[in-house]
Amino acid sequence: ILGGDEENLPLTRLVQHDLWLNQHPKDCSNARFLMADWFSEKAPNSIGVGSELVYLSAMFSMAVMQKRVLVTKAYHGANHSGCLGFDHTRLSCYFVPEASSECIARALELSSRKESWDQGLLIDFDYNHGWFVPRLWGEPWKRIQPSVELNGIFMQDVNGNNERRWWRAQVFRYLMRFPSEYLCNLLNVARNEAFGEAAARLILKNYPQGNWNSNNHSSHSESPMEANVWSSYGPWIPRPLVSIHVRQGDKNIDMKVHPFKDYMKLATRLRKKFPHITGVWLSTEMQSVIDESKEYEGWNFFFTDIKRQVGATRMAEYMASLGKRKNFENSYVNLLMAADCDFFVGVLGSTWSYAIDCLRMTSGKVKAGFLTVNPVNMFLR
């Protein structure tokens, strides 16, 4: 967990510690399990990656309240040639496993035995459980300080949803606390494509003409300071960087869709307070938004190199056109890149913006705030 306790949601460090203990019991042979479905298996044409995580938070709630280890079933998002070995068809293709390897193996072994289900060693999620939030830590959501602004006004309790918002943020943080080697490699490629030229120019600028020797630098060994102290700074990105997530397309079904200029108005407001901001990490499914970004002088826009929608296309059709592997790789890269930015302008009615905010609120950025063009949609309440 990055930052001080006051820079994260209340009790984030304690809750993350306790969730890890729940998922890593000392003796898996005596553990009970909740086998978590992926909701997309029930509604493959109407649910995205962000919505999957929202449903998973309800399942994690039930597991914690019943003192069970949550183990996910086969994940369709990892059912492709990029996810190999044990990580094939598992969320661990992208992030560290949700539980200890011993417990996952034990749960998968038991799941093939009818008597294990009959004895209650394993259960499926009971949808009658609903969206209850565990009370093991009291009611820390009541101490959340406002950090979301809509139309120039603080949202004191985000549509009466702070309770679930706090819990979902804890679940998102736990399940995505470390990217896998596979996802780290994808992130490195994306950073290099977006920021590589800018980084190279800065490096060359620091060397007098003719003094750069690539052979010497390629064989450079790290000093103790570089290896043990500076390494914690992570990969270079052109900070400060604003994340802007624009959701349009078929999202007008359950929220008001806003034009790109409305997002940029909020970014310009942000710039009045922080005039040194010039960089934007732009995530969107719309090619028209990428094209419009070229009209804004004085801003540097960065984004992944991927085919985007032209015109009004259903999200399910767009995702299918990318192919499963490319779609999920691009989704998780954009999620972590956006969460790593210093500021955030988005659309709270989008589950994806909601997911970005959840990760930011548990990684030291809750005080940076969230400027949104619309409120939460009915699905997220």
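Contact here means heavy atoms within 4.5 Å. This is a predicted model: local features need pLDDT of at least 70, side-chain atom pairs count only at pLDDT 80 or more, and totals for chains, interfaces and linings use all residues. Residues are numbered from 1 along each chain as its sequence is written, and side-chain values use heavy atoms, with hydrogens and water left out.

I placed A194 in helix 6 (residues 181–205). Helices are DSSP runs of H or I with at least four residues, strands are runs of E with at least two, and both are numbered from the N terminus. Is A194 buried or exposed? Its relative accessibility is 16%, so A194 counts as buried (buried is under 20% relative accessible area, exposed over 50%, partly exposed in between, with a 1.4 Å probe and protein chains only). I also checked F303: 109 residues separate A194 and F303 in sequence, yet their C-alpha atoms are 6.6 Å apart.

Next I turned to helix 5 (residues 162–175). I noted that 12 of the 14 residues of helix 5 are buried, among them W166, W167 and F172. What do they pack against? The buried residues of helix 5 pack against helix 1 (12–23), helix 2 (49–65), strand 4 (148–150) and helix 13 (351–360).

Last, I followed helix 13 to another partner. The contact between helix 12 and helix 13 includes L335 and L336 of helix 12 and W352 and I356 of helix 13.
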